[in-house]
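Here is a friendly walk through a two-chain model, written to be read beside the structure. Keep the viewer open and follow along.

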Amino acid sequence: MTTSTPRPRLIHFMAAFGTGGLLTLMVHFNGELGRYGNALFSSWGAHGTGTVAAILFLALLYRRRERNTAERLPAPFWAYLGGLSGAATVMLTSLAVNSPLALAGTLALGLAGQVVFSLGADLWGLFGLPRRRPTLRDLAALALILAGSALIILFRGFES
Amino acid sequence: MTMPILVACLAGLLVGLSRQLNGRLAVSTSPLISSFWNHAVGFAALTVLGLVVGGLIPPGAENAPWHAYVGGPIGVVFVAAGSWVIARIGAVNTAILVIGGQMVSGVLLDLVLAAPTTLWATGLGVILILAGVVVTQTQAKR
């Protein structure tokens, strides 16, 4: 990598799509944990085991990250607060799921909120990440994926 | 009813915010270090909350099987991958591809678990999502 802004490649897109699969597994297992405890315990337990796992992964990969860390810009303090936002998400989600919205409504509106934020984030380059003007293709892909997701979410849980 | 709607939208907004912050931290450190801080800070916040509100470890929690805790380590990889990808393909592409991947794999999991589904809606949904993924791919090659 010679440039500071690498061009998007197929592998990045596949990684993002595959990451969605990880999310499904994560939600499944965390839901399992929640059934034995509650939503707060599930999130707390997952964050705890996640912290330990992250330390183990870092220890395993320790030798591999020695190069060019000195050249990087230091992170602002707020960049460390992603976990707060994540923890708040868990509580808000469990609130919404137990309202008349139920799971389907919560998921659908959550996707909407996520997409609106990401549009603003790209448009203005929020929180120090590169600014990217969404193209027509971006918006077409967005419309297709949101429509497909809405169909799946809103019809899940009913016999055909 | 407006209150739950706002809460659900805000939850989605915070998912995006979290990924943006973790992505920024990964630029200065590494995706895995960013994922570590995400989990450590979240764990600390939830511990404080649990101690204040009470019921951090509810009765019955000790009966959870070991595999119920696998979600944590999976989450580490999830956050690290998201932090790596977002600086490279942008927030919109990251969000919609993760959503698409979650939906399609969710349908597969439902099939494995034999959960009830509406076949035409689910099938059409998967086709639309895959079409959307193909659209992002054609853009990547430009």
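## A pair on one helix

In which helix do A:Arg35 and A:Glu32 both lie, and how many residues apart are they? Both belong to helix H1 of chain A (residues 10-36), 3 residues apart, about one turn of the helix. Helices here are DSSP runs of H or I with at least four residues, numbered from the N terminus (strands are E runs of at least two). An α-helix has 3.6 residues a turn, so residues three or four places apart point the same way.

A:Arg35 and A:Glu32 form a salt bridge, with their closest N and O atoms 2.9 Å apart. The term means a side-chain nitrogen of Lys or Arg within 4 Å of a carboxyl oxygen of Asp or Glu. A:Arg35 is exposed, at 62% relative accessible area, whereas A:Glu32 counts as buried at 15%. Buried stands for under 20% relative accessible area, exposed for over 50%, and partly exposed for what falls in between (1.4 Å probe, protein chains only).

## How to read the model

This is a predicted model, in which local features need pLDDT of at least 70 and side-chain atom pairs count only at pLDDT 80 or more, while totals for chains, interfaces and linings use all residues. Residues are numbered from 1 along each chain as its sequence is written, chains are lettered from A and ligands numbered from 1 in the order in which they are written, and side-chain values use heavy atoms, with hydrogens and water left out.

Over all chains, the salt-bridge count comes to 3.

As for accessibility, A:Asp122 is buried at 2%, A:Asp138 is buried at 1%, and A:Arg132 is partly exposed at 22%.

## Where the chains meet

How many residues of chain B are in contact with chain A? There are 115 of them, facing 108 residues of chain A; contact means heavy atoms within 4.5 Å. The area buried between the two chains is about 10,000 Å², with carbon and sulfur atoms giving 76%. Buried area is the accessible area (1.4 Å probe) that two parts lose on being put together, summed over both.

Between chain B and chain A the count is 0 salt bridges, but 15 residue pairs are in polar contact across the interface, both residues at pLDDT 80 or more. A polar contact is a pair of N or O atoms within 3.5 Å; within protein, one must be able to donate a hydrogen and the other to accept it, and residues adjacent in sequence count only if both atoms are side-chain atoms. On the chain B side, H3(B) gives the largest share, 34 residues.

## A helix and a loop of chain A

Helix H3 of chain A (residues 82-97) has 16 residues, which at 1.5 Å a residue should span 22 Å; its end C-alpha atoms are 23 Å apart, which agrees. The expected span is 1.5 Å times one less than the number of residues. Among the buried residues of H3(A) are A:Gly82, A:Gly86 and A:Leu92. The buried residues of this helix pack against helix H4 (102-124) of chain A together with H1 and H2 of chain B.

A:Phe127 is in the loop between H4 and helix H5 (136-155) of chain A, and counts as partly exposed at 32% relative accessibility. Leaving aside neighbours within four places in sequence, A:Phe127 is in contact with residues of both chains, including A:Trp78, A:Phe117, B:Leu17 and B:Arg24. A:Phe127 and A:Trp78 are 49 residues apart in sequence and 8.9 Å apart in space, C-alpha to C-alpha.

## Inside helix H3 of chain B

B:Thr94 is found in helix H3 of chain B and counts as buried, at 0% relative accessibility. The side chain of B:Thr94 reaches the backbone oxygen of B:Gly90 at 2.6 Å.

B:Arg88 lies in helix H3 of chain B too. A polar atom of the B:Arg88 side chain lies 2.6 Å from the backbone oxygen of B:Trp84.
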